[in-house]
Amino acid sequence: MHTVIKAFFANYVSERVVQPSFKGVKMRSFWMASGFVASLAVSAVAGNFTLLGAFSLPQGDLGDSKKANAENGFGVGGDFSVPLQASNQLFITTTGLFIHNAENTDDVPSGVTYDAGGWNNISILSGVKFVGNNSPTMAFYGLAQIGLNFALLGDEDLQSSGYGYYSYDIDETTSYEAGTSLALAFGGGVEVNRFNIGLRYLILGKPKLKYEITDNTTGDVIGKGTGKLSISILALLVGFSF
């Protein structure tokens, strides 16, 4: 592996760069994002479409300070629900969500420049939604879904000029390929007229992601590999139905 990086900034870099925690975002898979937007546009043609905004709380490895070290984030997306036969309580619901969580870099020591865009996940899921028959204007609901998650990761830039007792300079970039994984979602909430407030727990699997470390001074590839990290998110969703 990359011995220079391992020697430098031992805890921080060995865990976050050489043994990838996959922080940072790069939109290499543009077609994935385009497909996500297209699916929401098609969904709006018929049925009940709900535009969603999300507040994202990273869970497990994603929020672990020794692993992904992600911060609370935000997201946008939509739900498209179609009644199952003549039922007004049971629906097939398809969801598209884009969620971004920045990386916490508070523990980066002085003299080191570390730049990472954070974590981006695009999830497309479908499942069953049950809506209670509570009142004409308010109803509680619960849902369970299964689908795919696309982890879109980007470059991490690391620079240092003779950090600590090391006399050499470091200027390196770690780049990642996008990965896919099975995704599950469970949640519930309340609908009041056209407004929707709910919680959704997203289990986004362990995408397999390849990475490559490049020395920006020489342009040489000085390290590469593959790794996985479990991604889970608790999302507070606020929506408006059309």
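Asp79 pairs up with Arg200 in a salt bridge (a side-chain nitrogen of Lys or Arg within 4 Å of a carboxyl oxygen of Asp or Glu), with 3.1 Å between the closest N and O atoms. The two partners come from distant parts of the chain: Asp79 sits in strand S2 (residues 73–83) and Arg200 in strand S10 (residues 195–203), 121 residues apart. Strands here are DSSP runs of E with at least two residues, helices are runs of H or I with at least four, and both are numbered from the N terminus. Asp79 has a relative accessibility of 3% and so counts as buried; Arg200, at 2%, is buried as well. The cut-offs are under 20% relative accessible area for buried, over 50% for exposed, and partly exposed in between (1.4 Å probe, protein chains only).

A word on the model itself. It is predicted, so local features need a pLDDT of at least 70 and side-chain atom pairs count only at pLDDT 80 or more, while totals for chains, interfaces and linings use all residues. Residues are numbered from 1 along each chain as its sequence is written, and side-chain values use heavy atoms, with hydrogens and water left out.

In total, the structure has four salt bridges. Side chains of opposite charge can pair when their charged atoms come close. Another of these pairs is Glu191 with Lys129, whose closest N and O atoms are 2.7 Å apart. Glu191 belongs to strand S9 (residues 179–192) and Lys129 to strand S5 (residues 119–131), so this bridge ties together parts that are 62 residues apart in sequence. Glu191 is buried at 19% relative accessibility, and Lys129 is buried with a relative accessible area of 4%.

Lys224 and Glu212 form a further salt bridge, with 3.7 Å between the closest N and O atoms. Here the link runs from Lys224 in strand S12 (residues 221–227) to Glu212 in strand S11 (residues 209–215), so the parts tied together are twelve residues apart in sequence. Lys224 is exposed, at 54% relative accessible area, whereas Glu212 is partly exposed, at 29%.

Strand S11 also holds Thr214. The C-alpha atom of Thr214 is 5.3 Å from that of Thr173, although the two residues are 41 apart along the chain. Setting aside neighbours within four places in sequence, Thr214 is in contact (heavy atoms within 4.5 Å) with Asp171, Glu172, Thr173, Gly219, Asp220 and Val221.

Patches are built from residues with over 30% relative accessible area and no salt bridge; like charges are joined within 9 Å, and nonpolar side chains (Val, Leu, Ile, Met, Phe, Trp, Tyr) within 5 Å. Lys208 lies in the loop between S10 and S11 and is exposed, with a relative accessible area of 54%.

There is a nonpolar surface patch too, covering about 420 Å² and made by Phe55, Ile197, Leu199, Leu236 and Val238. S10 and strand S13 (232–241) each contribute at least two of its residues. Leu199 is located in S10 and is partly exposed at 45% relative accessibility. Areas come from the Shrake-Rupley method with a 1.4 Å probe; for residues, only the protein chains shown count as cover.

Two asparagines stand out in the backbone. Asn69 has a positive phi of about 55° although it is not a glycine, and Asn193 likewise has a positive phi, near 55°. Asn69 is in the loop between strand S1 (48–59) and S2, where it counts as buried at 8% relative accessibility. Asn193 sits in the loop between S9 and S10 and is exposed, with a relative accessible area of 57%.

As for the chain overall, it has three helices and 13 strands. Of its 242 residues, 47% count as buried. Among contacts between residues at least 6 apart in sequence, 70% join residues at least 24 apart. The chain exposes about 11,400 Å², and carbon and sulfur atoms supply 59% of that area.
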